[in-house]
Amino acid sequence: MAGFTRVGGPVFAGSDKEDRVNAGFVLTGKGVLVVDSLVTREDGLALLEAARSAAAGAGDGAKPAVVAVTALVYTHEHSDHTIGSTDFPPCGVLASEGTTRGLRVELERMAADFAGRGIAPKTPTLVFETRVRLPWDPEVVVAELGGHAEGSSVVYVPSAKVLFTGDLVFRGRAAWVGGIRPERWLAALRVLESWEVDVVVPGHGPVGGREILAEQRAWLECFLARAKELRTEGVPARQATAILGDEFGFTERQRENLFFGLRRRLGLRHDEEGDSSG
Ligand SMILES: [Zn+2]
């Protein structure tokens, strides 16, 4: 779904041109609120351009549109959702406490690489604890639920019944599980399933209806049950990575992250030589 399309009311969603990751924006009475910023500077600029042109076309005479991008919300700190903000104009940047902490760590970890590539994701200017409501016509709710990353948050537009889940939902592809909190993730999905939602914009994969929340929960339950089985059988993490990687369709690129998740988050043993990190 490369490019951006209206998914409900004044809410737009789309992805980078290689369809790797999603982002979106909401046209509000206070300007454009952007949700995540894609994976490269070029992607971020394309998103910005789409947001501005949608806003410019939205004025109906009676109510002139506010074309400026006034706010950016991060669903979480992973770089494929934040790097594109490098060339954004000065604007408010909202993020949960957990995401703000995570981004600080990420920016330190990537400092040399980012500097070399001219990348400087915008850092949060407004940090919220669990939930923030923006009465911006339409009202926009941002809530931290955790699960995928420590501060994983969702963006919800009640009047349009549109929900941006960030990486709490991967559709049609295996999730990145290296930093998950399994119980929090399941709880987050159950909460979201109870909300009034017609359109779900996942972090990755095509936009869908509310059923994709339940589909993600079923995937996760199945994945966690299998991981637990392998742990009980005493299968080491490296071997379990190959097994689960094949069974659940993790790409080669994702498998080191899967290995990490199995060891650090799901308690599988690591008994290869030369490992001292426990
Ligand atoms: Zn992520």
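Tutor: Two strands count as paired if DSSP finds at least two bridges between them, and a strand is itself a DSSP run of at least two residues. The model is a predicted one. With that in hand, take strand S10, residues 153–157.

Start with the cover. S10 is mostly covered, with 5 of its 5 residues buried. In a regular strand, side chains alternate between the two faces of the sheet. Here one side of S10 carries Ser153, Val155 and Val157, and the other carries Val154 and Tyr156. These residues are all buried, so both faces of the strand are covered, where buried means 20 or more other C-beta atoms within 10 Å of the residue's own.

Next come the pairings. Strands of a sheet pair through backbone hydrogen bonds, either parallel or antiparallel. S10 runs antiparallel to strand S9 (residues 139–144), and 4 bridges join the two. Serine 153 of S10 has glutamate 144 opposite it. S10 is also joined to strand S11 (residues 162–170), by 3 bridges and again antiparallel. Within this pairing, valine 157 faces valine 162 of S11, and tyrosine 156 has leucine 163 of S11 as its bridge partner.

S10 and S11 form a hairpin with 4 residues between the strands. In that hairpin, lysine 161 takes a positive phi near 55°.

Now the sheet as a whole. S10 belongs to an open sheet of 5 strands in the order S8-S9-S10-S11-S12, with mixed pairing. At the edges are strand S8 (131–135) and strand S12 (199–204), each of which pairs on one side only. From one strand to the next, the twist averages 20°. Helix H6 (residues 211–232) packs on this sheet, where it touches S11 and S12. The direction of H6 makes about 15° with that of S11.

For helix H7 (residues 237–247) and helix H8 (residues 252–264), the axes come within 9 Å and cross at roughly 125°. That angle makes H7 oblique to H8. The crossing of H7 and H8 is right-handed. H7 contributes Ala237, Arg238, Ala240, Thr241, Leu244 and Gly245 to the contact, while H8 contributes Arg255, Leu258, Phe259, Leu262 and Arg263. By class, the contact of H7 with H8 has 6 nonpolar, 2 polar and 3 charged residues.

How values were computed. Residues numbered from 1 in each chain as written. Predicted model: local features only at pLDDT ≥ 70, side-chain atom pairs only at ≥ 80, totals over all residues. Buried ≥ 20, exposed ≤ 12 C-beta atoms within 10 Å, placed from the backbone. Axes fitted to C-alpha atoms, helices over the stretch in contact; angles between N-to-C directions. Contact = placed C-beta atoms within 7 Å. Parallel < 35°, antiparallel > 145°, perpendicular 65-115°, else oblique. Left-handed = near helix turned anticlockwise from the far one by under 90°. Nonpolar A, V, L, I, M, F, W, Y, C, P; charged D, E, K, R; others polar.
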